[in-house]
Structure formats: structure tokens, C-alpha cells
Amino acid sequence: MLPAKLALALNDQFNNELQASHSYTAMAAYFSKKGYHGFANFYLVQSREEHLHAMKFYDFLITMDEKPVLQALSEPKNQFADAMDVIESSLAQEKDVTSNIYALVTLADELQEHSTLSFLDWFIEEQMEEEKLFRDIMVRMKHIDEGGEYFLKMNDEFAARKLEEA
């Protein structure tokens, strides 16, 4: 079993990952409604990836003889000004997740919970990749118009994205 404070924090992150999945589904809906099914696919894959991350926390809690507790999800942002607003919201969400992971690492380190530190190493690497992904997309999107030729090329590219399980 884990120290109560750490178990609670890990459970909160389990739920934060589910919330992130929920948010990415709302972002996918923005693109689906506009007919940009490649971008929608990109965000549905993101949603499934976040759900897998949540399940990593679930499994870790079970392994450590703790009970994962599901919390209520809040309504995600459903209205976006444009595609860039979605991308900016995505990067902000990933930065929040990174901050949460770092706080967990700090807490686990303070409590000398080495198994938790080992578990969280994967998430540190993952968050570096996620933030870079959205920064790179923002660079690509900065000087193009939603619906323009290059945007549609990205839409086609994103249509081919598939979930890569870790």
C-alpha cells in the first residue's frame, strides 16, 4: 500500500487522464462538425491515448493494493473559435498534465516511494513528446488558413493516424 497522500494524488491523476480523454473527444467533435475528419481522427486517437494513460494509473493503483475511485468528469470546452484555438487548448491541457506529473514525482520523491518514481518515469517522457507534438502542429498552423490547401493536406495526414499502444 502507498502513503494515503500519494494514493489520493495518483487517483486524482487517474481521473485527470480520463478528463483529458473527455476533452479530446470534444475537440474531435469540433472538427467532425466542420467536416475535417482527419483532424477529428487525430483527436479521437488522442482521446483513446489519454484513456490508456488513465488505465496505466488504474493498473498501478491496483498493483499497489489501492482502489481506483472514479470521480465525476466536468464538461469540457465545447466551443472553439477556430482550429488554432483547438490546438492552443490542446497544448495548454498537456502543459497542465505535465505539471500534475511533476507534482506527483515531487511527492513520490519526498515520500521515498521508489516504485511510484519508476512508474512515473514513463509519463515524464510521454509528456515531453505530447507537448512537442502540439508545439510542432502550432508552428505548422500559424500561417495557414483553416480550410486552405495546406490545412487540407494536414487533414489528410491526420486521417492516417492510428493509436500506438505503449
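Predicted model: local features only at pLDDT ≥ 70, side-chain atom pairs only at ≥ 80, totals over all residues.
Is Asn 155 buried or exposed? Its relative accessibility is 10%, under the 20% cut-off, and therefore Asn 155 counts as buried.

Let us turn to its surroundings. Beyond its neighbours within four places in sequence, Asn 155 is in contact with Tyr 36, His 37, Gly 38 and Phe 39. A polar atom of the Asn 155 side chain lies 3.0 Å from the backbone nitrogen of Gly 38.

Those contacts bring us to the packing of two helices. Which residues of helix 2 meet helix 5? On the helix 2 side they are His 37, Gly 38, Phe 39, Asn 41 and Phe 42; on the helix 5 side, Phe 151, Met 154, Asn 155, Phe 158 and Ala 159. The axes of helix 2, residues 37-63, and helix 5 come within 7 Å and cross at roughly 45°. That angle makes helix 2 oblique to helix 5, and the crossing is left-handed.

Helix 5, residues 149-159, also holds Lys 153. With a relative accessibility of 56%, Lys 153 counts as exposed, whereas Asn 155 counts as buried. Lys 153 is 132 residues from Ser 21 in sequence, and their C-alpha atoms are 25 Å apart.

Finally, helix 1. Its 31 residues, 4-34, should span 45 Å at 1.5 Å a residue. The end C-alpha atoms are 46 Å apart, which agrees with that expectation. Just after helix 1, Gly 35 takes a positive phi of about 85°.

Definitions and conventions. Residues numbered from 1 in each chain as written. Heavy atoms only, no water. Helix = DSSP H or I, 4+ residues; strand = E, 2+ residues; numbered from the N terminus. Expected span 1.5 Å × (residues − 1). Buried < 20%, exposed > 50% of the residue type's maximum accessible area, 1.4 Å probe, protein only. Polar contact = N/O pair within 3.5 Å; in protein donor to acceptor, adjacent residues only side chain to side chain. Contact = heavy atoms within 4.5 Å. Axes fitted to C-alpha atoms, helices over the stretch in contact; angles between N-to-C directions. Parallel < 35°, antiparallel > 145°, perpendicular 65-115°, else oblique. Left-handed = near helix turned anticlockwise from the far one by under 90°.
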